[in-house]
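Here is a short briefing on the metal sites and the nonpolar packing. Please look at the sequence and structure first.

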Amino acid sequence: MIPGIHVSVSGGLDRALDTLTELGLPCGQIFTSNPQQWKGRTLTETEIERYGSRSITIISHTSYLINPASTDRRVENLSFATLGTELERMHLLGIKWCVLHPGAHLGAGDETGIKKISSIARQILLNSPGETGILYENTAGQGTTVGHSFRQLARLLELTDMPEKTGICFDTCHAFAAGYDLSSERAVRETMDEFNNTVGIERIKAFHINDSKRECGSHRDRHAVIGAGLIGLEPLRFLASMPEFKEIPGIAETPGTDSDRAEDIQKIEGREQGRT
Ligand SMILES: [Zn+2]
Ligand SMILES: [Zn+2]
């Protein structure tokens, strides 16, 4: 795995690149716009230039407000527009992937929700600029959110039907909370085998490496510092060392500051690639 962190963009998107460089990280995740607002931010020339000449791998995380499965027409339309402008910003910044929480069906049912999300994603991706694409993030299964089971993720990818422009961002805390054990080397192997049989391991384009404060199957999304939660350091290290994921970003979204997260993700590098 390529170690990275979710990095603050306060002070500008270009400032995030400086932070990653200072912390010695080859990769990071940013918000290209305020995640609590519908209205997208306009990029500055400096930001676009800096991103054009960077050597650091960057992925973006979409707004928390987006819910393409919403039963409220206004939210559905705003989700469509906001996701569309995210891809436009990504294109200007040379970012290939954004991470999307698939959404919550709000009582309409899983299958209805999955159909709506994939239909909206497909419409956006058919017209998306350049190489930009969407990674569905697996969820903890809190409330009516979809994307908590591997079957649902497979269904989202299948219905979106844009294999080059879609993939999965696998969040370890969310998978554990959704009921997939990751708390031992054996559990990691079994869970990743199940993922491979259901979705296909090659569809994973990024990881969120977070430990979990809550137990397996709790459906509660509470990130813990790596090694301080119920998953533990060794299984996450083992996952990070799997040769299949050598070129895949592993982003810490753990509590604390950027430098806390850098220290956190650097813990998973204690094991040699491929050694078991
Ligand atoms: Zn995540
Ligand atoms: Zn989370």
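What angles do the 4 donor atoms of the zinc ion (ligand 2) make, and what is the site's arrangement called? The angles run from 53 to 129 degrees, and the site is irregular. This is a predicted model, in which local features need pLDDT of at least 70, side-chain atom pairs count only at pLDDT 80 or more, and totals for chains, interfaces and linings use all residues. Residues are numbered from 1 along each chain as its sequence is written, chains are lettered from A and ligands numbered from 1 in the order in which they are written, and side-chain values use heavy atoms, with hydrogens and water left out.

**Terms for the metal sites**
- Donors are N, O and S atoms within 2.8 Å of the metal (3.2 Å for Na, K and Ca); water is not among the atoms, so sites may look incomplete.
- Four donors are tetrahedral if all angles lie between 85 and 135 degrees; four are square planar and six octahedral if opposite donors are over 155 degrees apart and all others between 65 and 115; anything else is irregular.

**Zinc ion (ligand 2)**
- Its protein donors are H174 (NE2), D221 (OD), D221 (OD) and H223 (NE2), at 2.0 to 2.5 Å.
- The donor residues follow the spacing H-x46-D-x1-H.
- D221 counts as partly exposed because its relative accessibility is 27%.
- H223 is buried, at 18% relative accessible area.
- Buried means under 20% relative accessible area, exposed over 50%, and partly exposed in between (1.4 Å probe, protein chains only).

**Zinc ion (ligand 1)**
- E137 (OE), D171 (OD), H208 (ND1) and E253 (OE) coordinate the zinc ion (ligand 1) at 2.0 to 2.3 Å.
- Its 4 donor atoms subtend angles of 85 to 171 degrees, so the arrangement is irregular.
- Along the chain, the donors are spaced E-x33-D-x36-H-x44-E.
- H208 and E253 are both buried.
- The zinc ion (ligand 1) lies 4.4 Å from the zinc ion (ligand 2).

**Nonpolar cores**
- A nonpolar core is a set of buried Ala, Val, Leu, Ile, Met, Phe, Trp, Tyr and Cys residues joined through side-chain atoms within 4.5 Å.
- The largest has 65 residues; F170, M192, I204, F207, I209, L239 and F245 have the most contacts inside it.
- A second, separate core has 9 residues, including I2, I59, W97 and I251.
- Beyond its neighbours within four places in sequence, I209 has contacts (heavy atoms within 4.5 Å) that include M1, T172, I251 and E253.
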